[in-house]
Amino acid sequence: MVADGRTSAKNEPSKKLVVVIAEFSIDGVVKPRMLVWEDGRRFEIDQIASMQKCASLKSGGRGLRYTCRIRNRWLYLFREDDTWFWECAQ
Amino acid sequence: MEKTILHSDLNSFYASVECLYNPRIRDKPVAVCGDPAARHGIVLTKNQIAKKCGVRTGQAIWQAKQACPQLVVVKPNYERYLQYSNLAREIYFDYTDRVENFGIDEAWLDVTGSSTLFGSGEEIANAIRKRIFSELGVTVSIGVSFCKVFAKLGSDYKKPDAVTVFSKENYKEKIWPISVSELLYVGRATAPKLAKCGIYTIGQLAEFDVNLIYGLLGKVGVLLHQYANGLDYSDVAANDAQGVIKSVGNSATTHRDLTDEDDVWITLTMLSESVAARLRENGLKCKTVQIYLRDKFLISCERQAKLPAPSFLSTEIAGLAMEIFRTKYRFIEPLRSIGVRACDLVSENCAVQMSLLYDYHRQRKMENLEKAIDGIRSRHGHFSIQKGIMLTDRDLSGHNPKENAIHPVGLLNGPISVQGGF
């Protein structure tokens, strides 16, 4: 399911940025609902198991990390300021 | 009641942030360096690998590359560092409201009142250390002690990613053998003076006769003697505490050497605009203008003069700065860097001794004009409105001096006060 996402600026080559459709609740909580891939395919997020502030040593960055399940695969989705990037959950 | 003070120091801060954002350089020697084209090409921070190769902070890039040919040189990203510094502060505020910044990457925390909630100083320090690594991806070393000076020594004692505790029971055994030059306020000038008296370690300073130290260094000597004995009673300032502003200054190392008075005038105008705008932001006026000059042989000097009336006008500050330059400096060698400082500050609404010779009506008109310029710049950017002279040489005037300003801080707020009748 998981293909390569868009790579970011050349000084952060390993970061896989992705378009996310998210829900903003009235109490300010933001939850991602869907990933939009580069080729236009959309993947609904079936479950968010946890949300925590976290650094990403693998991709390089930090932010709010959502542990998401999409079609029985787990991945980490990071929200860093106004951008989103993902990495495989191990 | 004994205080519990933490001093937190983000290790190799700029380099750690760059290594986090670029995993490919993480296992290489990395140095964050200023822009060589702008003649700021020195090492600002290096990572542990570069440090082991002999790279030192303050070295020119070519010197650093000589010491370590594989060195990866990275440009600084101040916006990101400031953001990281604020994120670290947010973590500190989860444990106490008494957080005092000491530069961009260091802070003191007074956790005396939080120990019933979060545990001992060491437990809080370890919790902060783990959270900073997991949430921000950088390491921190933290010193825990009963005073600020020893807490700072603790954060330098073991790096990276470590917690060091100096208690009243162990400080003589652990701190006293440390070189006296590690103590706060013992620098390049003081250390040799102490060495002449046979003082090489903090313990030797602590046991030295305080009257002799007073004779040698004055009040600062007594202060250092007290520091060495753990007698530092200063409080950690609350998070919203703001020190009284004593001066507002700005300096620049220009892209090329300043060779004639026109170059100097452009640079002084640019710097004075920034200084005047910051004075207005803080509701202050200055009575004295100081200039700082450094020639291409790195010989520097400072000169100052008084304004006829307190002012926050860039035209008046720049005008006086130029007059000081013309009358009090012999311009022989090209200048490498230049600075303007407004000191002797008063509130903008303070009572002023009127003079028959000064045109207050014109000053009021100029104040309105410069405030209008501030308004335009805040809405449309710094370069939306400029003086004509700025367009004559973009090399000298092409950057906004208010940007990327990281202000130095000191531990002592106000004059030195020591106990014991000195």
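D81(A) is partly exposed in this predicted model, with a relative accessible area of 42%. The side chain of D81(A) meets that of R62(A) in a salt bridge, at 3.2 Å from N to O. D81(A) sits in the loop between β8 (73–80) and β9 (83–88) of chain A, and R62(A) in strand β7 (residues 61–70) of chain A, so the pair ties together parts that are 19 residues apart in sequence.

**Chain A**

- Chain A contains nine strands and zero helices.
- Along the sequence, the elements of chain A follow the pattern β-β-β-β-β-β-β-β-β.
- Of the 90 residues in chain A, 41% are buried.
- Contacts in chain A between residues at least 6 apart in sequence include 37% that join residues at least 24 apart.

**The contact between chain A and chain B**

- Chain B contributes 16 residues to the contact, and chain A contributes 17 residues.
- About 1200 Å² of area is buried between chain B and chain A, and carbon and sulfur atoms give 48% of this area.
- Between chain B and chain A there are zero salt bridges, while five residue pairs are in polar contact, both residues being at pLDDT 80 or more.
- On the side of chain B that touches chain A, at least two residues each come from α1, α4 (78–93) and α6 (121–136) of chain B.
- With five residues, α4(B) gives the most to the side of chain B that touches chain A.
- Seven nonpolar, four polar and five charged residues make up the side of chain B that touches chain A.

**Helix α1 of chain B**

- Nine of the nine residues of helix α1 (residues 13–21) of chain B are buried, so this helix is largely enclosed by the rest of the structure.
- The buried residues in α1(B) are F13(B), Y14(B), A15(B), S16(B), V17(B), E18(B), C19(B), L20(B) and Y21(B).
- Helix α1 of chain B also supplies at least two residues of the side of chain B that touches chain A.

**Nonpolar cores**

- In soluble globular proteins, nonpolar side chains tend to be buried together.
- The largest nonpolar core has 34 residues, and those with the most contacts inside it are V264(B), L268(B), L279(B), C286(B), V289(B), L293(B) and F325(B).
- At least two residues of this core come from each of β9 (247–258), α13 (261–281), β10 (284–295), β11 (300–311), α14 (314–328) and β12 (335–347) of chain B.
- Helix α13(B) provides the largest share of this core, eight residues.
- Beyond its neighbours within four places in sequence, F325(B) is in contact with E261(B), V264(B), I291(B), L293(B), F331(B) and L335(B).
- Another core, of 31 residues, lies apart from the largest one, and L87(B), I91(B), A107(B) and I132(B) are among its residues.

**Salt bridges**

- Side chains of opposite charge can pair when their charged atoms come close.
- Over all chains, the count comes to 23 salt bridges.
- R326(B) and E261(B) form a salt bridge in which the closest N and O atoms are 2.8 Å apart.
- This pair links distant parts of the chain, with R326(B) in helix α14 of chain B and E261(B) in helix α13 of chain B, 65 residues apart.
- R326(B) is exposed, with a relative accessible area of 53%, whereas E261(B) counts as partly exposed at 34% relative accessibility.
- E261(B) is also one of the residues in contact with F325(B).
- The side chains of E348(B) and K371(B) meet in a salt bridge, at 3.7 Å from N to O.
- The pair links distant parts of the chain, E348(B) lying in the loop between β12 and α15 (360–380) of chain B and K371(B) in helix α15 of chain B, 23 residues apart.
- E348(B) is partly exposed, with a relative accessible area of 26%, and K371(B) counts as partly exposed at 41% relative accessibility.
- A network of salt bridges links D9(B), E106(B), K152(B), D156(B) and K159(B).

Definitions and conventions: Residues are numbered from 1 along each chain as its sequence is written. Chains are lettered from A and ligands numbered from 1 in the order in which they are written. This is a predicted model: local features need pLDDT of at least 70, side-chain atom pairs count only at pLDDT 80 or more; totals for chains, interfaces and linings use all residues. Side-chain values use heavy atoms; hydrogens and water are left out. A nonpolar core is a set of buried Ala, Val, Leu, Ile, Met, Phe, Trp, Tyr and Cys residues joined through side-chain atoms within 4.5 Å. Buried means under 20% relative accessible area, exposed over 50%, partly exposed in between (1.4 Å probe, protein chains only). Helices (H or I, at least four residues) and strands (E, at least two) are DSSP runs, numbered from the N terminus. Contact means heavy atoms within 4.5 Å. Buried area is the accessible area (1.4 Å probe) that two parts lose on being put together, summed over both. A salt bridge is a side-chain nitrogen of Lys or Arg within 4 Å of a carboxyl oxygen of Asp or Glu. A polar contact is a pair of N or O atoms within 3.5 Å; within protein, one must be able to donate a hydrogen and the other to accept it, and residues adjacent in sequence count only if both atoms are side-chain atoms. Ala, Val, Leu, Ile, Met, Phe, Trp, Tyr, Cys and Pro count as nonpolar, Asp, Glu, Lys and Arg as charged, and the others, Gly among them, as polar.
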